[in-house]
Amino acid sequence: QVQLVESGGGLVQAGGSLRLSCAASADIFSRAAMAWYRQAPGKQREPVAIISRSGTPTYAGSVKGRFTISRDNANNTVYLQMNSLKPEDTAIYYCNSAFGSYSWGQGTQVTVAS
């Protein structure tokens, strides 16, 4: 069974940084474009960054220039470096394939205080 385990969230002041990590099963990591999603209270889950199998990133407009997605294929891990955080970035962050194909993990809470 595919498992996705997110970590690295926390409480940070506006303007601060966090680095999220997602450990994925090897059997999906080798063949999947991966993505980070977030779900804010009362809102639908939305993708914020996608990274292809070869490492090409794509970002939502709201995070472009502030967030960086990367992947470590050797360790089946995908990262999200978040800089210049804003209160509106507050959400639960999840990783999954770029198509959301797998069971969702618990996510990691990111709270940005103003």
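Two strands are taken to pair if DSSP finds at least two bridges between them, and strands (E, at least two residues) and helices (H or I, at least four residues) are DSSP runs numbered from the N terminus. The model is predicted, so local features need pLDDT of at least 70 and side-chain atom pairs count only at pLDDT 80 or more, whereas totals for chains, interfaces and linings use all residues. Residues are numbered from 1 along each chain as its sequence is written, and side-chain values use heavy atoms, with hydrogens and water left out.

**View 1. The four-stranded open sheet.** The order of the 4 strands is β1-β3-β8-β7, with antiparallel pairing. At the edges stand β1 (4–7) and β7 (67–72), each of which pairs on one side only. On average, neighbouring strands of this sheet are turned by 15° against each other, direction ignored; axes are lines fitted to C-alpha atoms, for helices over the stretch in contact, and angles run from 0 to 180 degrees between N-to-C directions.

**View 2. Strand β3 and its two partners.** Strand β3 (residues 18–24) pairs with strand β8 (residues 77–82) over 6 bridges in the antiparallel sense. Within β8, tyrosine 79 is the bridge partner of serine 21. The pairing of β1 with β3 is also antiparallel and comprises 4 bridges; here valine 5 stands opposite alanine 23 of β3. Of the 7 residues of β3, 5 are buried, and the strand is mostly covered. Buried denotes under 20% relative accessible area, exposed over 50%, and partly exposed the range in between (1.4 Å probe, protein chains only).

**View 3. The six-stranded open sheet.** This sheet has 6 strands in the order β2-β10-β9-β4-β5-β6, and its pairing is mixed. Its edge strands, β2 (10–13) and β6 (57–59), each pair on one side only. Neighbouring strands are turned by 25° against each other on average, direction ignored. Strands β4 and β9 run antiparallel and are joined by 6 bridges; tryptophan 36 has cysteine 95 in β9 as its bridge partner.

**View 4. The largest nonpolar core.** A nonpolar core is a set of buried Ala, Val, Leu, Ile, Met, Phe, Trp, Tyr and Cys residues joined through side-chain atoms within 4.5 Å. The largest such core holds 29 residues, of which Leu4, Met34, Trp36, Val78, Leu80, Met82 and Tyr93 touch the most other members. At least two core residues come from each of β3, α1 (26–29), β4 (34–39), β5 (46–51), β7, β8, β9 and β10 (108–113). The most are given by β3, with 4 residues. Residues up to four places away in sequence set aside, tyrosine 93 touches Leu20, Trp36, Phe67, Leu80, Met82 and Val110, among others; contact means heavy atoms within 4.5 Å.

**View 5. The surroundings of serine 97.** Serine 97 is located in strand β9 (residues 91–97). With a relative accessible area of 3%, serine 97 is buried. Apart from residues up to four places away in sequence, serine 97 touches Ala32, Ala33, Met34, Ala35, Tyr37 and Tyr102.

**View 6. Alanine 60 in its loop.** Alanine 60 is situated in the loop between β6 and β7. Its relative accessible area of 21% makes alanine 60 partly exposed. Beyond its neighbours within four places in sequence, alanine 60 is in contact with Pro47 and Val48. Alanine 60 and glutamate 46 lie 14 residues apart in sequence, and their C-alpha to C-alpha separation in space is 9.1 Å.
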